[in-house]
Amino acid sequence: FPSHDKIGSHILPVNYYMSEQEAIAITKDRDLFKEGKLYGAFISYPQPMILIDGRFECNPNHPVMTLLHESIEAINEVYGLELTEQDIRCLELALYGLLKDNKAFFNALKKAIDS
């Protein structure tokens, strides 16, 4: 899995955790799980980062889908888009489906990016 995301001029470390204690240690935020379980999080302050729960082996697509979701969260914040959580969930599922279900498009996109 990627170790960072670049959003605009920001390079965001991507941290994968295997326990709530590890996530709290990474973020130094004791209130991280105050509202319950997290699949991932975009942390904007004090150090911008993306946090992903890496324990979802039952669905191997889950960490990458969560990374896509949190990347959209970061884009939303960096560019001031004011998307709702529902907007972000829709974009996550739509973009993931677009890339997964259209291999020719994905390969053309990858070729363009790699050139």
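Where do Glu85 and Arg89 lie, and how many residues apart? Both sit in helix H3 (residues 85-101), four residues apart, about one turn of the helix. Helices here are DSSP runs of H or I with at least four residues, strands are runs of E with at least two, and both are numbered from the N terminus. The model is a predicted one, so to speak of a local feature takes a pLDDT of at least 70 and a side-chain atom pair counts only at pLDDT 80 or more, while totals for chains, interfaces and linings use all residues. Residues are numbered from 1 along each chain as its sequence is written, and side-chain values use heavy atoms, with hydrogens and water left out.

Glu85 and Arg89 form a salt bridge, with the closest N and O atoms 3.6 Å apart. A salt bridge here is a side-chain nitrogen of Lys or Arg within 4 Å of a carboxyl oxygen of Asp or Glu. Side chains of opposite charge can pair when their charged atoms come close. Glu85 is partly exposed at 35% relative accessible area, and Arg89 is partly exposed too, at 44%. On this scale, buried means under 20% relative accessible area, exposed means over 50%, and partly exposed is what falls in between (1.4 Å probe, protein chains only).

The count of salt bridges comes to four. Another of them joins the side chains of Arg55 and Glu20, at 3.1 Å from N to O. Arg55 lies in the loop between strand E4 (49-53) and helix H2 (62-78), and Glu20 in helix H1 (residues 20-27), so this pair ties together parts that are 35 residues apart in sequence. Arg55 is partly exposed, with a relative accessible area of 27%, and Glu20 is partly exposed at 28%. Arg55 also meets Asp53 in a salt bridge, this time at 2.8 Å from N to O. Asp53 is buried, with 0% relative accessibility. Put together, Glu20, Asp53 and Arg55 are linked in a network of salt bridges.

His62 belongs to H2 and is buried, at 16% relative accessible area. Leaving aside residues up to four places away in sequence, His62 touches Tyr39 and Phe56, where contact means heavy atoms within 4.5 Å. Thr66 is also placed in H2 and is buried, with a relative accessible area of 6%. With residues up to four places away in sequence again left out, Thr66 touches Tyr39, Gly40 and Ile52.

How does H3 sit relative to H2? The buried residues of H3 pack against H2. Those buried residues are Ile88, Glu92, Tyr96 and Gly97. They cover an arc of only 160° around the axis, which puts them on the same side of H3; the arc is that of the directions from the helix axis to the C-beta atoms. As for its length, H3 has 17 residues and reaches 24 Å from its first C-alpha to its last, close to the 24 Å expected at 1.5 Å a residue. The expected span of a helix is 1.5 Å times one less than its number of residues.

Helix H4 is hardly covered: among its 12 residues, the count of buried ones is zero. Its end C-alpha atoms are 16 Å apart, which agrees with the 16 Å that 12 residues should span at 1.5 Å a residue. Ile113 is found in H4 and is exposed, at 61% relative accessibility.

Last, a look at strand E2 (residues 10-17), where Asn15 lies. Asn15 is partly exposed, at 21% relative accessible area. Its C-alpha atom is separated by 7.5 Å from that of Met49, a residue 34 places apart from Asn15 along the chain. Not counting residues up to four places away in sequence, Asn15 touches Ile26, Met49, Ile50, Leu51 and Ile52.
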